[in-house]
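Please keep the sequence and the coordinates at hand while reading.

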Amino acid sequence: MNEPIAVTPKSFKSAVKPIWCPGCGHFSVLNAITKAMAALAIDKDNSVLVSGIGCSSRLPAYVDAYGFHGVHGRGLAVAQGLKVARPELTVIALGGDGDGFSIGGNHFLHACRRNVNLVYIAMDNEVYGMTKGQASPTTPMDWDHSKLTPHGPGVRPFKPAAIALAAGAPWIARAYSGNPNQIAKLIAEAIEFEGFSFIHVLSQCITFCPEQTDWKAIVHERSEPPADSADQAARLFLADDGFATGVLYREARATWPPPSPVTTDENEALATLAATFEAQ
Ligand code: SF4
Ligand code: MG
């Protein structure tokens, strides 16, 4: 009799070797994803990783599951369409801060409020890494390493967790690339949560922002339970220094699309679907 094949993180790694710079934070996220998939014994034939464009968006190629390396900023649009059409799939959307908060910023807002049951991992290194180090939506105002913004971008950085809350996301976590075990735990929890679950990962770009190695001394894991109401979460985020990790907010909310009455009549089904869209 054949022995059952052990489900290990390694069994979720593809044969493609990552071409990230040595020390890039995205390696940790890749390891965390495969670890979480192994821990939950996820069926790789029924799981899909969807990304946009950027260093972090290369990640689906490195996982042995289905993947879609899409158009810049449009990963969430593809991921939501896929999950609505094939609800039985485990869908993980991922990408970087430029991809998710600038080019794809509008998709991020509406994915939060629409609440399709999928996981979104934003690997935030506060820079456009693939295009050689320009300021992104999360770059600090005074970051002066880019020739394009030699005095710093001078623009207040985007606050991903607070914006996700304001836009209606029901599950929000923050993690740090220096703690892959925590990221794996959060990804597993996010997959099991029924709704749109957003993980903001502080994922260092060692090449263009070497100072991000200092994050190690600043990040801190929250010991308190997550906020369980938007009011409580808003108070938490007002006092947040941006480096608290763990699940920050969790609240059950109806997912989209709502269950539609079962019908075998095609016209009736289309009418129900149209009414659902109109109600949004
Ligand atoms: Fe990672 Fe930065 Fe290198 Fe891109 S440029 S692979 S984000 S370290
Ligand atoms: Mg980036």
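In the classes used here, Ala, Val, Leu, Ile, Met, Phe, Trp, Tyr, Cys and Pro count as nonpolar, Asp, Glu, Lys and Arg as charged, and the others, Gly among them, as polar. The model is predicted, and with these classes the shell around ligand 1 comes out as 7 nonpolar, 4 polar and no charged residues.

**Surroundings of ligand 1**
- The residues that surround ligand 1 are Trp20, Cys21, Cys24, His26, Cys55, Asn125, Gly129, Cys205, Ile206, Thr207 and Phe208.

- Asp97 counts as buried because its relative accessible area is 1%, under the 20% cut-off.
- Val127, with a relative accessible area of 3%, is therefore buried as well, by the cut-off of 20%.

**Strand E4 and its partners**
- Strand E4 (residues 119-124) is mostly covered, given that 6 of its 6 residues are buried.
- The cover extends to both faces of E4, with Val119, Ile121 and Met123 buried on one side and Tyr120, Ala122 and Asp124 buried on the other.
- E4 runs parallel to strand E3 (residues 90-96), to which 5 bridges join it, and within this pairing Tyr120 of E4 is the bridge partner of Ala93.
- E4 also runs parallel to strand E8 (residues 197-202), with 6 bridges joining the two, and here the bridge partner of Asp124 is Leu202 in E8.

**Helix H5 and the residue after it**
- In helix H5 (residues 160-167), the buried residues are Pro160, Ala161, Ala164, Leu165 and Ala167.
- Viewed down the axis of H5, these buried residues fall within an arc of 170 degrees, so they line one face of the helix.
- Gly168 follows H5, and the phi of Gly168 is positive, near 110 degrees.

Notes
Residues are numbered from 1 along each chain as its sequence is written. Chains are lettered from A and ligands numbered from 1 in the order in which they are written. This is a predicted model: local features need pLDDT of at least 70, side-chain atom pairs count only at pLDDT 80 or more; totals for chains, interfaces and linings use all residues. Side-chain values use heavy atoms; hydrogens and water are left out. A residue is near a molecule or strand if one of its heavy atoms lies within 4 Å of it. Buried means under 20% relative accessible area, exposed over 50%, partly exposed in between (1.4 Å probe, protein chains only). Helices (H or I, at least four residues) and strands (E, at least two) are DSSP runs, numbered from the N terminus. The arc is that of the directions from the helix axis to the C-beta atoms. Two strands pair if DSSP finds at least two bridges between them.
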